[in-house]
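Here is a short briefing on how the parts of this model meet. Please have the structure open as you read.

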Amino acid sequence: MAAKPRLYYFDGRGKMESIRWLLAAAGVEFEEEFLETQEQYEKLLKGGSLLFQQVPMVEIDGMKMVQTRAILSYIAGKYNLYGKDLKERALIDMYVGGTEDLMGFILMFPFLSAEDKEKQRAFIVQKATSRYFPAYEKVLKDHGQDYLVGNNFSWADVHLLEAILMVEEKKSDVLSGFPQLQAFKARISSIPTIKKFLEPGSQRKPVPDDKYVETVRRVLRMYYDVKAN
Amino acid sequence: MSGKPILHYCDARGRMESIRWLLAAVGVEFEERLLQTKDDLTKLRKSGTLLFQQVPMVEIDGMKMVQTRAILSYIAGKYNLYGKDLKERVLIDMYVEAIMDVNDLFITHEILLGDERKQQFATIVDKVTNRYFPVFEKVLKDHGQDFLVGNQLSRADVQLLEVILMVEEGKPDILAKFPLLQSFKARISNIPTIKKFLQPGSQRKQPIPEKNIDQVMKIFS
């Protein structure tokens with residue numbers, strides 16, 4: 001019997017959050033080890049667990065996997081969230097690429113100065129409403145189906161929901177011009193595994209705070225001078 | 001009968017170069033539409049063919065594909081450069097994601113000038129010397145095989161060669177401490193399709209001449 005996947009990261013969203021979302025969506029229980037100190041991180045490094053000296057790292061199926069995208073693709077493939085053929089897979093990859101770019105603007109947000117945060121918030125909302133949301137709105141409108149690709153729940157749907165909720169945290173009415181996305185959000189949120197993940201007490205992490213920023217900086221000795229887009 | 005893939009990008013390496021490498025490696029001829037001016041990009045955006053208003057865009061198999069990773073994964077999957085099962089695939093993915101982190105450093109480098117450009121290259125040298133090349137040297141040492149994954153050519157080999165050669169352009173002795181990567185480089189460079197791509201006259205792009213950087217940046221302004 002396989003052990004539960006074990007996630008090595010900080011006690012916060014960062015690059016690991018999309019992995020938590022996908023495992024949760026697939027109904028896979030997982031354990032977490034949170035990095036709090038430099039010593040823990042050095043121990044992982046010395047033990048050879050981090051192939052490129054970086055986290056996220058996920059122990060899964062006998063492997064110590066690194067590189068967020070590799071981990072996500074593996075989980076999607078293993079749990080049938082990656083379409084039924086190469087062409088559906090290509091669409092999923094394209095859509096996930098877009099939401100990854102969008103969430104990438106939010107990833108560095110907690111590390112910015114107060115002034116830069118306001119600039120970045122505006123930038124995030126502008127990109128979401130003028131570039132990304134219109135693309136997904138059109139995809140849903142054009143095929144009229146419940147899911148982004150192949151009339152089947154996939155990684156692309158999970159990733160888009162995650163992105164929508166993150167942007168809404170920056171501007172709560174950001175979906176107001178996007179009726180398809182509003183219905184999509186309600187629909188995907190009510191999938192039992194996702195509904196569960198959205199409830200208090202799940203392993204979903206809250207909006208990053210100063211404590212999270214401080215921990216990352218302390219453990220990695222990096223990210224002291226992050227600039228806005 | 002489907003036509004040749006058509007690549008839409010500017011006349012630079014940027015985010016399209018890895019795609020050119022992969023298509024060349026699998027022996028697939030392709031055409032290019034090179035954006036020269038901001039107007040060219042505006043026209044392309046207005047035509048509704050750019051899902052997120054961005055290039056690279058590759059017309060292939062009836063699709064207008066965007067997102068570099070999506071395009072690379074599709075080509076690799078279609079032409080059998082993605083391993084034989086999920087476990088080989090994930091190894092390949094781990095390796096290429098790391099390699100693409102280096103590509104990202106080069107994408108920034110390509111449009112920098114003067115001291116900033118030098119500093120960025122120093123960062124690249126530091127990262128490949130201390131973080132990336134040792135890993136791939138060890139991978140090759142541990143299994144003793146000719147290719148990075150599964151004893152057969154994969155996108156990981158092609159993408160690693162691309163990066164090795166780019167670093168060598170700025171520091172010819174970068175592989176001095178990596179004997180297995182040296183023989184890897186020779187071996188992969190000798191694969192007929194890749195050998196052809198490395199010859200003058202191929203569609204491989206050179207670094208943007210510094211005097212032209214401004215012009216290329218105007219396209220995206």
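## Chains, domains and their contacts

D104(B) and R15(B) form a salt bridge, with their closest N and O atoms 3.3 Å apart; the term stands for a side-chain nitrogen of Lys or Arg within 4 Å of a carboxyl oxygen of Asp or Glu. Keep in mind that this is a predicted model, where local features need pLDDT of at least 70, side-chain atom pairs count only at pLDDT 80 or more, and totals for chains, interfaces and linings use all residues. Residues are numbered from 1 along each chain as its sequence is written, chains are lettered from A and ligands numbered from 1 in the order in which they are written, and side-chain values use heavy atoms, with hydrogens and water left out.

**Inside chain B**

- Chain B is assigned domain 1 (6-79 + 198-212) and domain 2 (86-190); such bounds come from an automatic or database domain assignment.
- The C-alpha centres of domain 1 of chain B and domain 2 of chain B are 21 Å apart.
- Contact (heavy atoms within 4.5 Å) links 20 residues of domain 1 of chain B with 19 residues of domain 2 of chain B.
- About 1,800 Å² is buried between domain 1 of chain B and domain 2 of chain B, with 56% from carbon and sulfur atoms. Buried area here is the accessible area (1.4 Å probe) that two parts lose on being put together, summed over both.
- Within domain 1 of chain B, W21(B), R69(B) and E210(B) lose the most area to domain 2 of chain B, and together they account for 31% of what that side buries.
- How many salt bridges cross between domain 1 of chain B and domain 2 of chain B? The rule finds five salt bridges there.
- Seven residue pairs are in polar contact between domain 1 of chain B and domain 2 of chain B (both at pLDDT 80 or more). A polar contact is a pair of N or O atoms within 3.5 Å; within protein, one must be able to donate a hydrogen and the other to accept it, and residues adjacent in sequence count only if both atoms are side-chain atoms.
- On the side of domain 1 of chain B that touches domain 2 of chain B, the elements giving two or more residues are α1 (17-25) and α3 (68-78) of chain B. Helices (H or I, at least four residues) and strands (E, at least two) are DSSP runs, numbered from the N terminus.
- That side of domain 1 of chain B has nine nonpolar, five polar and six charged residues. In this scheme Ala, Val, Leu, Ile, Met, Phe, Trp, Tyr, Cys and Pro count as nonpolar, Asp, Glu, Lys and Arg as charged, and the others, Gly among them, as polar.

**Inside chain A**

- Chain A is divided into domain 1 (6-79 + 198-220) and domain 2 (86-191), and 22 Å separate their centres, taken over C-alpha atoms.
- In chain A, 20 residues of domain 1 are in contact with 18 residues of domain 2.
- The area buried between domain 1 of chain A and domain 2 of chain A is about 1,700 Å², of which 66% comes from carbon and sulfur atoms.
- Three salt bridges are counted between domain 1 of chain A and domain 2 of chain A.
- R13(A) and E169(A) meet through their side chains in a salt bridge (2.8 Å, N to O).
- Four residue pairs are in polar contact across the interface of domain 1 of chain A and domain 2 of chain A (both at pLDDT 80 or more).
- On the side of domain 1 of chain A that touches domain 2 of chain A, α1 (17-25), α3 and α9 (210-220) of chain A each supply at least two residues; α1(A) gives the most, with five residues.
- That side of domain 1 of chain A divides into eleven nonpolar, three polar and six charged residues.

**Between chain A and chain B**

- The contact draws on 30 residues from chain A and 32 residues from chain B.
- Chain A and chain B bury about 2,700 Å² between them, 66% of it on carbon and sulfur atoms.
- In chain A, F52(A), M94(A) and R131(A) lose the most area to chain B, together 24% of what that side buries.
- β4 (63-66), α3 (68-78), α4 (86-107) and α5 (114-143) of chain A each supply at least two residues of the side that touches chain B, and the largest share, ten residues, comes from α4(A).
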